[in-house]
Amino acid sequence: MAAVRAGDVEAVRASLDEGADPEAPGDDGLPVLCAAVAAFDSAVADVLVEGGADPDRVLPDGSTPLWRAVDGGSPAVFTAVLGDEPRLRLPEGTRERLLALARSWYETGTAEELRRRTGTSGPVRTVRLPDDPYEYHRIEQVELGGLVARTGHGGILTALEWAFRVLTPVDDLIARAADQPDEQHATWGEVLSVLLERSSFETWQAVVAHRHHPDPVHRRFVAEYLRVRGVLVYDSPYARREGDFLTAWAAEETDVDMLLKVLEAFAEYEHPGTEDIGLRYAGHPDVRVRRQVPELFCPWGASLTPPARDGLLALIRDPDARVRLLASRVAVHDDALLSPAVRALLALAEGPDAGLRGEAAALLASCPDHSPAVADALFALLDEDDRLTLLEAAYGLALRDDPRTAEAYRRIRHLDIGHPDDHRWSRVWDWQYDRERAVTE
């Protein structure tokens, strides 16, 4: 119970491995899983359920841990507590009651439901938080009259319906996501997850039909859906169709914010139209658009074409430092552009922005240019305060078998940077070990 209260996942797992009862009661007499649910601790809840805690155990008030997870409004906690095969495990009446609970919260609204339950009409206290341990998604946590809930009931309802194989119309699912205009919201994650699992062409058509929806949030959802498909769906039967769709959209889009989303999605697809779109926007007046362009020139294993080289060369010389960095990241892999890209990176490595110096260090370290100028720049970066920059600089020196790697090793060996299996740290350590062994032999 102490480990659950502390949110110590590893201690909870160790306790279970040593034979602790996953149904052990807490100070309130309820199983410890309820404490994790109340604390919105999805990681601990997941370990407890995996270790044998019963999400369907009936509690003195007639609820269950799963009911409380739905009630709480956190999609991450709900997912952790849902358990295996809920459609087969739970009786039909229980499934209907869970759906009704999630639907009631969603339709009423979190703040209004808390007012109804507490009888309090005052303002609510709202704070925005990560909803999962990896901070992939964000959510609002609302408090009123001593009750606390999160705003993810639309996502929970969506996940419950899919778990029970209720095929909700696509338009309704997108509307739930659009209720939260921020695509980082946990409800977006649940809706996207379900739509990706519903992999029929009819589902795909229904989603992309929102490309011309009057609400820009719906259009943003389509772009995010296609981006995620490009990242996660391998060998998609719709990949060429999606690329064509995004090509046309990118060529027509006039709203800069929407264009950024479309270009971000487009970069995830191997499509012959990416270069043309990159060239179209390489000189765009908005720097945010130009920052999206270099990735469109990635040739997916093929050589850059002459027009693509010309476009990247212009971006390497762009007034914006980040554009120059992003263009150089692509250009260092092309023999014809290596020299101008390295010159741009050397300038960034000496520039005023510490973040850009670190990113330039990483690119210089692994690039094929082994000239003295690059080695000197990497050695100079050993004076940086950022530990990862130090590691990249040391790694680059070791790759070049530079004698100054010994000094780099001396500077980083006591720093808590990198994992022992990290390829960069391993390369520096191997370099030093080989030198020390050569001396002793």
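Two strands count as paired if DSSP finds at least two bridges between them; helices (H or I, at least four residues) and strands (E, at least two) are DSSP runs, numbered from the N terminus. This is a predicted model, in which local features need pLDDT of at least 70, side-chain atom pairs count only at pLDDT 80 or more, and totals for chains, interfaces and linings use all residues. Residues are numbered from 1 along each chain as its sequence is written, and side-chain values use heavy atoms, with hydrogens and water left out.

**Exercise 1. The whole protein**

Task: Find how many helices and strands the protein has, and what share of its residues counts as buried.

Solution:
- Step 1. The secondary structure comes to 26 helices and 3 strands.
- Step 2. Buried means under 20% relative accessible area, exposed over 50%, and partly exposed in between (1.4 Å probe, protein chains only). Of the 441 residues, 49% count as buried.
- Step 3. For the extent, take the principal axes: along them, the C-alpha atoms fill a box of roughly 75 × 60 × 45 Å.

**Exercise 2. The sheet and its hairpin**

Task: Work out the strand order of the open sheet, then find which residue in the hairpin of E2 and E3 takes a positive phi.

Solution:
- Step 1. The open sheet has 3 strands in the order E1-E2-E3, with antiparallel pairing.
- Step 2. Strand E1 (125-130) and E3 each have a single partner strand and stand at the edges, so one side of each is left without a neighbour in the sheet.
- Step 3. Ignoring direction, neighbouring strands of this sheet are turned by 25 degrees against each other on average. Here axes are lines fitted to C-alpha atoms, for helices over the stretch in contact, and angles run from 0 to 180 degrees between N-to-C directions.
- Step 4. Now look at the antiparallel strands E2 (residues 138-144) and E3 (residues 147-150), which are joined by 4 bridges. Val 142 has Ala 149 in E3 as its bridge partner, while Gln 141 stands opposite Arg 150 in E3.
- Step 5. The hairpin has 2 residues between the strands, and Gly 145 takes a positive phi near 55 degrees.

**Exercise 3. A helix pair**

Task: Describe how H21 and H22 cross, and which residues meet.

Solution:
- Step 1. The axes of H21 (residues 338-349) and H22 (residues 354-366) come within 8 Å and cross at roughly 140 degrees. That makes H21 oblique to H22, because angles under 35 degrees count as roughly parallel, over 145 as roughly antiparallel, 65 to 115 as roughly perpendicular and the rest as oblique.
- Step 2. Contact means heavy atoms within 4.5 Å. On the H21 side are Val 342, Leu 345, Leu 346, Leu 348 and Ala 349, which meet Leu 356, Arg 357, Ala 360, Leu 363 and Leu 364 in H22.
- Step 3. Sort them by class: Ala, Val, Leu, Ile, Met, Phe, Trp, Tyr, Cys and Pro count as nonpolar, Asp, Glu, Lys and Arg as charged, and the others, Gly among them, as polar. The contact of H21 with H22 has 9 nonpolar, no polar and 1 charged residues.

**Exercise 4. Positive phi in loops**

Task: Locate Glu 85 and Asp 401, and decide whether each is exposed or partly exposed.

Solution:
- Step 1. Glu 85 lies in the loop between helix H6 (75-82) and helix H7 (86-89). Its phi is near 45 degrees, a positive value in a residue other than glycine.
- Step 2. Glu 85 has 52% relative accessibility, so Glu 85 counts as exposed.
- Step 3. Asp 401 lies in the loop between helix H24 (387-399) and helix H25 (405-412), with a positive phi near 50 degrees. At 45% relative accessibility, Asp 401 counts as partly exposed.
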